[in-house]
Amino acid sequence: MTQRVDLATVMDRLAVDDVVTDYAVAVDEGDWDAYRALFTGDGRADYRGSGGIEGAAAEVAEWLARAMRLFPVRQHLIVNRRVTFQDLDGYPGDRAEVRADYLNPMRTESGDEFVSGGRYGFVLIREEAGWRLRSVVIEERWRRGGGKPGEA
């Protein structure tokens with residue numbers, strides 16, 4: 001690869017990282033318009049691995065808006081991000097996959113704490129407007145505390 005291709009890959013990696021961060025911020029702040037804007041037109045989210053639903057991003061955003069009312073205080077920490085870009089004979093393509101671990105502490109109105117951890121799988125596609133989520137899959141591996149995130 002040339003130095004120019006390497007620089008483009010670094011820029012893509014930063015842009016993909018921004019989308020993942022924007023995803024966490026949108027969920028934590030309950031900004032469901034921003035959440036929907038992160039996805040491609042056919043984007044989907046699958047929260048069945050944590051007791052939720054699977055569906056089109058807009059449908060899932062509506063479900064999240066109801067479910068997250070149980071937890072007015074929440075904070076996603078998405079770490080250990082492993083980014084893989086589509087390889088087109090040594091050149092990066094327009095598709096990226098991210099595997100990342102998460103820690104998600106939340107608190108209910110009554111002060112009860114709920115913490116879960118697991119792994120996200122993100123698939124992103126480069127569109128004219130930039131990188132967008134094609135899919136998000138959550139795999140909860142553990143939880144501690146009260147509350148049931150799958151309930152609306």
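Let me begin with aspartate 12, which in this predicted model touches Phe85, Arg126 and Trp131, once residues up to four places away in sequence are left out of the count. Aspartate 12 is found in helix H1, which covers residues 3-29. Is aspartate 12 buried or exposed? Its relative accessible area is 9%, and because buried means under 20%, aspartate 12 counts as buried.

With that residue in mind, let us step back to the whole chain. The secondary structure of the protein chain comes to three helices and seven strands, and from the N terminus on, the elements run α-α-β-β-α-β-β-β-β-β. The radius of gyration is 16 Å, close to the 15 Å that the globule rule gives for 152 residues, so the chain is as compact as a globular protein of that length. Along its principal axes, the C-alpha trace spans about 55 × 30 × 20 Å. Of the 152 residues, 42% count as buried, and the protein chain exposes about 8300 Å², of which carbon and sulfur atoms supply 48%. If we take the contacts with a separation of 6 or more, residues 24 or more positions apart account for 58% of them.

Now please look at helix H3, residues 57-67. Which of its residues are buried? They are Ala57, Val60, Ala61, Trp63, Leu64 and Ala67. Seen down the axis of H3, these buried residues fall within an arc of 165°, so they line one face of the helix. As for what lies against them, the buried residues of H3 pack against helix H2 (32-37), strand S1 (39-49) and strand S2 (54-56).

A search of the whole structure finds 10 aromatic pairs. One of them joins tryptophan 32 and tyrosine 35, whose ring centres are 5.9 Å apart and whose planes stand at 70°; planes over 60 degrees apart count as edge-to-face, so this pair is edge-to-face. Both residues lie in helix H2, three residues apart, which is about one turn of the helix. Tryptophan 32 counts as buried at 12% relative accessibility, and tyrosine 35 is buried as well, with a relative accessible area of 0%. These two rings also belong to a cluster, in which ring pairs link Tyr23, Trp32, Tyr35, Phe39, Tyr102, Tyr120 and Phe122.

Arginine 99 counts as partly exposed at 37% relative accessibility, whereas aspartate 101, at 18%, counts as buried. How far apart are the C-alpha atoms of arginine 99 and arginine 82? They are separated by 5.2 Å, although the two residues are 17 residues apart along the chain. Leaving out residues up to four places away in sequence, arginine 99 touches Asn80, Arg81, Arg82, Arg119, Tyr120, Gly121 and Glu139.

Aspartate 101, with its neighbours within four places in sequence set aside, is in contact with Leu77, Ile78, Val79, Asn80, Arg82, Gly118 and Arg119. With one of these residues, asparagine 80, the side chain of aspartate 101 makes a polar contact through the asparagine side chain, at 3.1 Å.

Key. Residues are numbered from 1 along each chain as its sequence is written. This is a predicted model: local features need pLDDT of at least 70, side-chain atom pairs count only at pLDDT 80 or more; totals for chains, interfaces and linings use all residues. Side-chain values use heavy atoms; hydrogens and water are left out. Buried means under 20% relative accessible area, exposed over 50%, partly exposed in between (1.4 Å probe, protein chains only). Helices (H or I, at least four residues) and strands (E, at least two) are DSSP runs, numbered from the N terminus. The arc is that of the directions from the helix axis to the C-beta atoms. Contact means heavy atoms within 4.5 Å. A polar contact is a pair of N or O atoms within 3.5 Å; within protein, one must be able to donate a hydrogen and the other to accept it, and residues adjacent in sequence count only if both atoms are side-chain atoms. The radius of gyration is taken over C-alpha atoms; the globule rule is 2.2 Å times the number of residues to the power 0.38. Accessible areas come from the Shrake-Rupley method with a 1.4 Å probe; for residues, only the protein chains shown count as cover. Rings of Phe, Tyr and Trp (its six-membered ring) pair if their centres lie within 6.5 Å; planes under 30 degrees apart count as stacked, over 60 as edge-to-face and the rest as tilted.
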